[in-house]
Amino acid sequence: MSDDREQAPATSMLDRIELVLEALDDNGYLTLSQTTRLTGIPSSSAHRLLEKMVSMRWLNRDGSRYELGVRLFELGSRAVRNHWFHRTSLPILQDLHRSTGAVVHLAFLDGADSIYWDKLSGTFGAKVPSRIGARYPVHRSAVGKALLMTLPREVFDQPAFAHLEAGVVGGRKALEAELDRALAEGVTYDRGTAVPELGCIGAPISRGIPKPAAISICGPLDRITNDRRMAEAVQRAAAAIERAARQVNAASRTT
């Protein structure tokens, strides 16, 4: 009983911290009044929480505005760079970047969104509207559609995937037909959806890791999507990451 009583306040505090961070993610910065309005946390409690997060360097206060702090950037960077799957994938992603000259993405599935885990940019990177840690609707990019390839179709009936038809000419039926073609070819395409003249090719990494992941390359539309060698390079890289991840998992089970 005593353990339960001790844990209850911590759980409540974590819930409130999550609300604050989600509001910051949506708005970029918060004042105290905005925090209260957006999270529902009473003003006095919100002020104490915000100031505590400042003291921990989770937030930075600039006058009356609160922004994400340096400690979260440090932890986020470590989370990206130190995860075993990222360390396993990075040399293969770097080889893909060198061999194609394209922007390379690594992403994973979170609900019905793709989260960009890494981005190898090069000179073309500024033209590709993606950033590490960003969330993007899973059906709106090549890397996202590669993630969809790993899922059974009945998952699309869940409420979280209700937005799948948004912005898709022909709706869900057209999207499923596109995924059927992708399953046959082994890759997905984006031809100017996010940015005109931008082409992307994605491939899934569906085995040997804790949750579905995928990679993609992006570059000038004609060069990327009209050259079969580009698609083959993405497929080879995805297969190499799968093999490497399985080897890491197998080694960890024997130690």
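The paragraphs below go from the whole chain to local detail.

This is a predicted model, in which local features need pLDDT of at least 70 and side-chain atom pairs count only at pLDDT 80 or more, while totals for chains, interfaces and linings use all residues. Residues are numbered from 1 along each chain as its sequence is written, and side-chain values use heavy atoms, with hydrogens and water left out.

The chain holds 9 helices and 8 strands, these being DSSP runs numbered from the N terminus (helices H or I, at least four residues; strands E, at least two). Of its 255 residues, 40% count as buried, that is, under 20% relative accessible area, where exposed means over 50% and partly exposed lies in between (1.4 Å probe, protein chains only).

The largest pocket contains about 1200 Å³ of space; of the 26 residues that line this pocket, D25, L68, R131, I132 and G133 are the closest to its centre. A pocket is here an open set of points on a 1 Å grid over the protein atoms alone, where a 1.4 Å probe fits, with protein on both sides within 12 Å along at least five of seven lines, and lining residues have an atom within 4 Å of a point. Two or more lining residues come from each of α1 (2-27), β2 (65-68), α4 (70-82) and β4 (113-120), and α4 gives the most, with 8 residues.

R57, in the loop between α3 (43-55) and β1 (59-62), has a positive phi of about 65° although it is not a glycine, and at 41% relative accessibility R57 counts as partly exposed. E197, in the loop between β6 (188-191) and β7 (198-205), likewise has a positive phi, near 70°, and is exposed, with a relative accessible area of 57%.

Definitions and conventions: Grid points are joined across faces, edges and corners, and a volume is the space filled by probe spheres set on the points.
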